[in-house]
Each structure stands twice: as C-alpha cells, then as structure tokens.
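Hello,

Here is the structure for you to look over. My notes on its pockets and cavities follow below.

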Amino acid sequence: MNAVVAAVLVMLVLSLVRTPVVVALILGALSAGLLAGMGLEQTLAAFSGGIGGGAEVALSYAMLGGFAVAIAQSGLPHAMADLVQSKLGQGNGNTRVIKYALVLVILAIAISSQNLIPIHIAFIPLLIPPLLLVMSKMQLDRRLIACVLTFGLVTPYMFLPVGFGGIFLNNILLKNIADNGLTMEGINVMSAMWIPAAGMVAGLLLAMVSYGRKRHYDLAPLEQVERVKVEYSSTRLVAVIVAMLAAFGIQLWTGSMVLGALAGYMICTVTGIVRWKQADGVLIDGMKMMAMIGFIMITAAGFAEVLRQTGEITTLVSSSAELIGQNKALAALLMLVVGLLITLGIGSSFSTIPIIAAIYVPLALSLGFSPLAIVALVGTAAALGDAGSPASDSTLGPTAGLNVDGQHHHIWDTVVPTFLHYNLPLLAAGWAAAMIL
C-alpha cells in the first residue's frame, strides 16, 4: 500500500476510535516513514524537523487563549447572555429567530475573516467562547456552529479571488496550472469554481437541517472555565471591546497573531480587567485551554513533513494517472479522491496544488478537459479535505473556540460533521463541474 494512503488511514481510524489526535498523528507519521523504507531514525528526524512549522501558530493560539480568558473576566459573556435572555421572551418563534440570527452573524464574520478583514482563524478563540453561554442557554447545537465556521473559512478562498482567495486562486491555483502548460488568459476563475462552491452551500444548508434540533449542554463547566462573577460594568465592557479591536487591528497591521493577542491582553491588564497579581494565572489558564489545539498543530506539521519526505505523494498522483486510461469520468473522480487524501494528510489545501498540478494538468489536457474544467478539477481536488481533516486549521480553529469547557469533541463534533457535510457534496460538485464545464 502507498505509504501516504496508509498513514492517512491510520491517522483517521485511530482518531475515530477516540485515540488522542496527537497520538494518531505520531503513529500515522511512523507508519508512513517505515512503509516508505525511511527507517525509524530518518522518520523521527523528518518529524522533528517538521514540527517547527506549527510552532508559530501554536504560540499564537496560546496567546489568544490568554486573551480569551481575560475577555471572560470582563463579564462580556454574561452581558451577552443576559441581553439574549431578555430578548427571548416565552415564544418559541422568537427563540428560533434569535438563534438563526446568531448563526448568520457568525457566518458573516467567518466569511469576512478571509477577505474583508483577513485575520483567518484568529477571531475564533476571541468571539466564540463569549458566545458559548448564550448558545448553551438556547441549546444551540455546537456541531452546527462548527460547520458554519468551517464553511466561512473554506468557501470564500475557493471562490472569491480577494484576500486569502486571491492567494489561493490567483497566486497558487492559476499560476501552477499555467506553469504546467495551460494558458490562463481570459479564464474567469469564479466561472470555474462556482459549481464546487455551490456544493459547499448545499452542505451548509444540509448541516442546518442535521443540527437544527436542540442539544443540551451543562452550564456549570462553562461558568467554571470562565471564572468570572456575574456582575459587570459598562466601563469594563467598553475596555474589552477596545482590546478586541486593538488585537484585530494590530494583527492586520503587523501580520502577527501573537502581537495582536499580546496587545489585547496588555490592554485588559492596564485597564484593570485583569489584575496585575492575577496576570500570570490568567495567561496560564488560557494556555491550558488552547494546549490541545497547539500540540495538534505542532504534531500535524511533523506528520506532513514525513509524508513529503517519503516521496510517495508524487507516486500516489502518478499511480492514479496510470489507472485512468482515456475514461474522463473516472479521471475526474480519481483526481478528486487523491486530492482529498493528500489534503486530509497534510492539512493544507494551499500546499496540495503544487503537488497535484504537475501531473494532473498535462493529464487533463490529454484527455480533452476544457480550461475551465481543469481549473475546477485542480482547485476542488486541493480544497477537498480542508474541511474534515483532523490536522487542518479549518477544523482546529472551530474546536479551539467551541471546546473551552470540554463539551465539544474535536473528531466527533467538528471533524466528522464537516467531513460529511462538505467533502461529500464538494466531491460530487467538483466531479459535475469537470464534466459540465
């Protein structure tokens, strides 16, 4: 068996049986290296060399965790919960309106984080934990919020050529396709990607049906995690809103999530939201809250590096090309499935395109696919797996915000729902785009 396929299967199966994701990633990396003939020493060296790639993001999340605890101490979560409670009234219709209004606001912010305010996943640990008390009182299923967040993190970059979408579509997708023999003059990338994007929309609508029922969450662990008194003042609320705006603004200015979170945390300290004597404890609590996500990110970077050094990612792509023959329908399906496996493993759709484009673009040209169909094929093959990968920041980010009280499982409450509701419709939509365009 191809070492990459084996590693991804080991990682996924272990994760699904509730093995800690960090352990699943390490065992998956070891299986990849040993099957590829790298030996234990070389595999461990590759893994150790790769883990540095996740360190910056892990540190960013640790700082954001400290800032999130500071936000909780301001009383903002209780203020938001009290506001929603005052609006709910007694009628179920009113509750339903407020619930879906909240979902739409989160969706709009997630989409904006990719283009209008390109802060990517940085907003999640700051926005979502203060809302958990509100969601829990409304018995809003967090799996729906995970799907909403993942939709907002993935769909904009694969369809809209602005912000992160400009990088993915123009700088990576079109450039790599052009570098492999297909002229991109006159190609409208949105015309190629609208069908795959429609598949994502269908998945979001399906998730709203799947997780539209009420789900009970225990409020006691959430209030214990927040460690904040119910009393709050307008001064503290204004101060914490200023701190959040400063955090986002500095991240946009410097491009660093660490500096943004640090600025927000320091404002909370200076304004008295966090007492100076408690500053260490608050930061440590935040780091504990984000520790799991940080370690998964670091381990995932090592896992991805082992997969790259096996050399069998290219072998996997080449082998699929040999199986295709002249069957266009089979070609489109295999290209998409291989892209799904690669992205599930390395956790980055941005890194998948250069790997698959070198072989799939010439192959698609020889089979008579149109330029639009080739753009849709390669773009969808790369985006497949970003939703639903245990190692992707599109799933790790939502879990970081939704699991602060330990009531949201990364695999079964984020990864599995997003995999089912996005990868399957996206696979079908990508295949349809390749055959229609």
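The second largest pocket holds about 320 Å³ of space. Its lining has 15 residues, and Ile 109, Leu 127, Met 244, Leu 245 and Phe 248 are the closest to its centre.

This is a predicted model: local features need pLDDT of at least 70, side-chain atom pairs need pLDDT 80 or more, and totals for chains, interfaces and linings use all residues. Residues are numbered from 1 along each chain as its sequence is written, and side-chain values use heavy atoms, without hydrogens and water.

Terms: on a 1 Å grid over the protein atoms alone, a pocket is an open set of points with protein on both sides within 12 Å along at least five of seven lines; a cavity is a set where a 1.4 Å probe fits but cannot get out; lining residues have an atom within 4 Å of a point. Points join across faces, edges and corners, and a volume is the space filled by probe spheres set on them.

Back to the pocket. Helices H5 (76-88), H6 (92-112), H7 (124-138) and H12 each supply at least two lining residues. Helices are DSSP runs of H or I, at least four residues, numbered from the N terminus. H12 gives the largest share, four residues. The lining has 13 nonpolar, two polar and no charged residues. Nonpolar means Ala, Val, Leu, Ile, Met, Phe, Trp, Tyr, Cys and Pro; charged means Asp, Glu, Lys and Arg; the others, Gly among them, are polar.

Now the cavities. There are two of 30 Å³ or more. H12 (234-254) and H13 (257-270) each supply at least two of its lining residues.

Best wishes
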